[in-house]
Amino acid sequence: MFKIAFFGTKTYYRPFLEPAFMANGINARFFDIALAPETIFFAKGNDGICVPYTCAISREMAHRLYAMGVKYIFMVGISKNGMQELEDMIQIIPVGAYSTDSVAEYSFALFLAVNRQIHRGYIRVRDYNINRSGLMGKNIAGSTVGIIGMGRVGRRVAEIYQSFRANVITYDVTERESNPAESVPLEELLERSDVISIHIPTTEQTYHMINRESISHMKKDAILVSTSGEGIIEYYDLMEALRKKKIGAAAIDYNRHQDDVFEVGSRMDAEELQDVIGQISALNNTLITCNLSYFTEETLQLIADDFVNKIKELERPV
């Protein structure tokens with residue numbers, strides 16, 4: 001029986017992981033504590049451990065895990081977080097899956113909320129204020145929506161907007177064999193779009209793609225929507241543009257750690273970044289949420305299934 005210990009596992013994963021493991025004869029133990037030199041002894045007797053992909057494991061810790069008989073480190077995320085150097089001792093196995101519909105639907109929900117002022121309208125009524133002044137939105141039908149990134153999520157987002165009779169144009173740093181909408185250069189997309197929806201990973205080519213220069217090409221009333229990692233947007237430049245009304249609004253599903261796996265350029269520390277995010281979220285023309293785009297029952301079930309499949313592959317005779 002395969003034995004695995006989970007460190008720092010979020011409680012919302014367990015209702016999906018535990019039944020999947022039990023049904024497939026996998027012995028799992030869950031610890032609320034994070035993996036650290038002081039807690040590493042809990043890993044003894046397990047074939048593998050699981051940690052969040054933000055967890056840092058030193059070579060000294062890897063040596064200790066190896067001596068305990070741990071052969072695999074599962075990381076919840078899509079990256080090995082720069083830990084490949086440990087694989088001469090322990091195999092690093094990323095576990096990540098998400099529902100395309102979950103992210104695409106949430107991206108569209110962000111746009112709807114900030115465009116139709118749903119969040120502000122809710123707050124007003126809660127405070128016994130039914131004044132509609134300043135809460136006017138625009139129809140989607142007939143507008144131009146620019147989608148940056150035409151992978152699985154971007155294509156699904158395009159389909160959603162098209163079903164609402166929007167004119168969709170696209171830009172991608174990667175050549176795609178087929179595209180359900182018109183493909184244009186990035187600058188043209190920024191200039192033409194009423195809504196700009198971002199669905200790309202952070203790379204050297206895309207890092208801080210949204211900055212003072214790119215924002216200068218956007219319409220004064222454009223709405224920027226992003227469910228991508230924090231490395232795509234230069235937040236100081238975005239804050240300045242929103243404050244000076246150089247663009248209309250921004251809706252962002254924010255995850256501080258989503259792209260810490262990609263170190264490039266000068267970066268704000270956690271305190272600075274939290275401060276600027278707080279300042280942006282306090283503006284009337286913004287909506288920022290806490291990494292909810294993937295967060296559905298369907299996605300968590302996919303993660304559980306991916307876990308089981310990865311373990312079965314390891315147990316399969318060569």
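The side chains of E182 and R192 form a salt bridge with an N to O distance of 3.4 Å; the term denotes a side-chain nitrogen of Lys or Arg within 4 Å of a carboxyl oxygen of Asp or Glu. E182 belongs to strand β8 and R192 to helix α6 (residues 186–192), so the pair ties together parts that are 10 residues apart in sequence. Helices (H or I, at least four residues) and strands (E, at least two) are DSSP runs, numbered from the N terminus. E182 is partly exposed at a relative accessible area of 39%, and R192 is partly exposed at 27%. Here, buried means under 20% relative accessible area, exposed over 50%, and partly exposed in between (1.4 Å probe, protein chains only).

## Basis of the model

This is a predicted model, in which local features need pLDDT of at least 70 and side-chain atom pairs count only at pLDDT 80 or more, while totals for chains, interfaces and linings use all residues. Residues are numbered from 1 along each chain as its sequence is written, and side-chain values use heavy atoms, with hydrogens and water left out.

## The parallel sheet

Seven strands make up an open sheet with parallel pairing, in the order β8-β7-β6-β9-β10-β11-β12; two strands pair if DSSP finds at least two bridges between them. At the edges are β8 (182–183) and β12 (286–289), each of which pairs on one side only.

Strands β9 (residues 195–198) and β10 (residues 223–226) run parallel and are joined by four bridges. Within this pairing, I196 is opposite L224 in β10. Helix α8 (residues 235–243) packs on the sheet and touches β10, β11 (249–253) and β12, where contact means heavy atoms within 4.5 Å. The direction of α8 makes about 145° with that of β11; axes are lines fitted to C-alpha atoms, for helices over the stretch in contact, and angles run from 0 to 180 degrees between N-to-C directions.

## Salt bridges within helices

The count of salt bridges comes to 12. One of them joins E18 and R14 at 2.8 Å, N to O. Both residues lie in helix α1 (residues 14–23), four residues apart, about one turn of the helix. E18 is partly exposed at 29%, as is R14 at 28%.

In helix α10 (residues 297–315), D306 and K310 are likewise four residues apart, and their closest N and O atoms are 3.4 Å apart in a salt bridge. D306 is buried at 16% relative accessible area, whereas K310 is partly exposed at 21%.

## A salt-bridge network

R212, D237, E240 and K244 are linked in a network of salt bridges.
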